[in-house]
Amino acid sequence: MQDPDRLYWACYYGREDKTQGYLDAGGDPNVTDSTGVIAWLGAIENKQPGVVKQFAACERTNLDMTSPADSYYTQAGHTALSYAALYGGVEIVQIVLGGGADPSIVVKDGKTAIQWVREKKPEGWEEVVAVLEKAAAEKAAAEKAAAEKAAAAEKEKAAEKKKAA
């Protein structure tokens, strides 16, 4: 399946056999359809967790890529995570986060996915916000720990250099 429009609809209708075949054949997971929408986001729009898992697990998928065009549900400038937060529900959000999406990315109009969900309040929004906040806190803690480790290693290196001099 090389036609991005057909890929979008295969994703939208949950045709896991077609979408996995596309990925297995080396198809570009970040391809846009004829309207400019990232094709696999159709699976998020229609809540197709199996297809979302396939794309989130594909190492070639750029989960933090922003959609260059409007779709039925959203406007250009959203990532897979912000689409999922607004339209996919908590299960889809967890899948996209599990694939490595960054919850701190600023998307359309300078807002994060958390800010969009709080503003739009889609069905189940409180649970989605809780999942996103937990992921953002875990990311921040991991970044802080990595920075502290790097600073300690640099301090140790400087002390060894001073000692050797």
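Modeller: One term to begin with: buried means under 20% relative accessible area, exposed over 50% and partly exposed in between, with a 1.4 Å probe and protein chains only. This is a predicted model, where local features need pLDDT of at least 70, side-chain atom pairs count only at pLDDT 80 or more, and totals for chains, interfaces and linings use all residues. Residues are numbered from 1 along each chain as its sequence is written, and side-chain values use heavy atoms, without hydrogens and water.

Biologist: Is K121 buried, exposed or partly exposed?

Modeller: K121 is partly exposed, at a relative accessible area of 47%. K121 sits in the loop between helix 6 (113-120) and helix 7 (125-164); helices are DSSP runs of H or I, at least four residues, and strands are runs of E, at least two, numbered from the N terminus.

Biologist: What is phi of K121 near?

Modeller: Near 50°, a positive value in a residue other than glycine. Most residues other than glycine have a negative phi. K47 also has a positive phi, of about 50°, and K47 lies in the loop between helix 3 (41-45) and helix 4 (49-57).

Biologist: New topic. Which residues of helix 2 are buried?

Modeller: T19, Y22 and L23, in a helix of residues 16-24. Down the axis of helix 2 they fall within an arc of 95°, taken from the directions from the axis to the C-beta atoms, so they line one face of the helix.

Biologist: What do the buried residues of helix 2 pack against?

Modeller: Helix 1 (4-12) and helix 4, where contact means heavy atoms within 4.5 Å.

Biologist: And how many helices and strands overall?

Modeller: Seven helices and zero strands.
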